[in-house]
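Please keep the structure open as you read.

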Amino acid sequence: MNLLQALPIAMLGALLGLDVVSFPQAMISRPIVAATAAGAFIGNPTSGLLIGVVLEMIALDTLPFGASRYPEWGSASVVGGALFAAHPVGMPGALPASMLAALLTASISGWSMVVLRRIIASRLERTRDRIEDGSREALLSLHLSGMSMDLLRGALVTITAMMVFAPLVRAIVAVWGSDSAPSRAIVVIIAAVVAGGALWKVYHSVRGVLWFFLAGLVTWAVLLAAR
Amino acid sequence: MTAPTARPLNLPVRVRAAMFFRLLALQGSWNYETLNGTGIGFAIEPALRYLPGGVGGPAYRAALARESRYFNAHPYLAGVAVGALTRAELEGVEAARIERFRTALAGPLGSVGDRLVWASWLPFCSVVAIGIFGAGGSPLAVVGTFLLLYNAGHLLLRAWGLRIGLSRGLNVASALGNPVLRQGPQYIACAAALVAGVALPLALQRVAGPGRALAGAIIAAAFLGILLLARLRERAEGWRIALGVLAVFVLYSVIT
């Protein structure tokens, strides 16, 4: 993948990265949306959705509470969706390798958000006197530059990740030694464990919640038997 | 000191619309010094132009400086603060009282919002979308349902917050006793758990693909893993474990 090919994906990553915190927080940055959108960009929304669902399950573990540090899923899911959708359906290794790329990108992108917040804080420090004096221009400048930098951050993370991971994932898939079924099984187990653990972490204090979950499992078992 | 009243605030619709739109960008300058304080100033600014002396006047400058200081709230519920503070500023409530109000309101708006949105509504919408995928839904159906469902709650909450803040001013605290905010998370959690029980296995079946050769092993491994993570709770970050396991598996599959 060259720079020109990665540019449209980078623009998508920038827009969806912006949604995570800055604007409009409509959750178009959630993996289930972002990876599907990236897959559609490549011409394969179904593959984008598949990896998006798996990443969404893992993302349930990192809800964006207050000032906590968390992975940034918007740009990362665009990277994962684009990488996976670029491979033919059923190619062994494509899903785990693309997922690994997405998780690494999410981690790095989360760190880039921390850096951005520090940059905004240092800009604030430089303009503090003017803002304390009630300067409209200083406040608007700080706010709009923060959003612009966030947009740029998402684009840079996405394009860098695509340039690094696209050839890497292709190389991994080319020498992949495991069969397709066990490869998918590992991914399924990881997603199930993280999603189950995440939901328990969030809901364990709610009275009776386990019974509701078990009722859902019974419904699934009935559906399975009816098929 | 001017006492807050229940009379309607004379603020044009376009100003309210501008404030609502700016609320969507509340966290554009989020930082570790003022958290979303500068965002509150950014969102409230269109209304402050109606203070005596207009833009750049002493009242405007003092209010803008005051409203841009440290503040922390859940972004979707920050509208409650923006509305209430707007009313207080336009009614000429004394500065010290406004600052006390800001300090008192920040904590509850953060914790209530976190419980309702991040810990309830978002996971619920996620598992509903995952369930639609598991049931064989198309990309458009899955993504469309998620975005419509999530944003119905999201935008309603933002709009309600701004409206209630503008109408009640400094008396807005009682609005946080709204049954949806107090009891909502509990009901949504139960609904999410029920949906998750059906949705997660359905979706994982579709990801695993046809064939049941490894079904027993997958179910057993997933069950044991969930038990382990549930015991560890906050001591373990699931996504980091996922990253580590995946990295080892990819390495193994490349070198064998």
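## Cavities and a kinked helix

G17(A), V21(A), S22(A), M113(A), L116(A), R117(A), I120(A), D150(A), R153(A), Q27(B), G28(B) and W30(B) line the second largest cavity. Here a cavity is a set of points, on a 1 Å grid over the protein atoms alone, where a 1.4 Å probe fits but cannot get out, and lining residues have an atom within 4 Å of a point. This is a predicted model, in which local features need pLDDT of at least 70, side-chain atom pairs count only at pLDDT 80 or more, and totals for chains, interfaces and linings use all residues. Residues are numbered from 1 along each chain as its sequence is written, with chains lettered from A in the order in which they are written.

In chain A, α1 (3-21), α5 and α6 (136-174) each give at least two residues to this lining, and α5(A) provides the largest share, 4 residues. Helices are DSSP runs (H or I, at least four residues), numbered from the N terminus.

The count comes to 3 cavities of 30 Å³ or more, including these:

| Cavity | Volume |
|---|---|
| Largest | about 140 Å³ |

A volume is the space filled by probe spheres set on the points, which are joined across faces, edges and corners. Among the residues lining the largest cavity are W73(A), Y70(A) and R30(A).

Back to α5(A): a kink of about 55° is centred on R126(A), the bend being the angle between axes fitted to the seven residues ending there and the seven starting there. After α5(A) comes G134(A), with a positive phi near 80°.

Key. Side-chain values use heavy atoms; hydrogens and water are left out. On a 1 Å grid over the protein atoms alone, a cavity is a set of points where a 1.4 Å probe fits but cannot get out, and a pocket is an open set with protein on both sides within 12 Å along at least five of seven lines; lining residues have an atom within 4 Å of a point.
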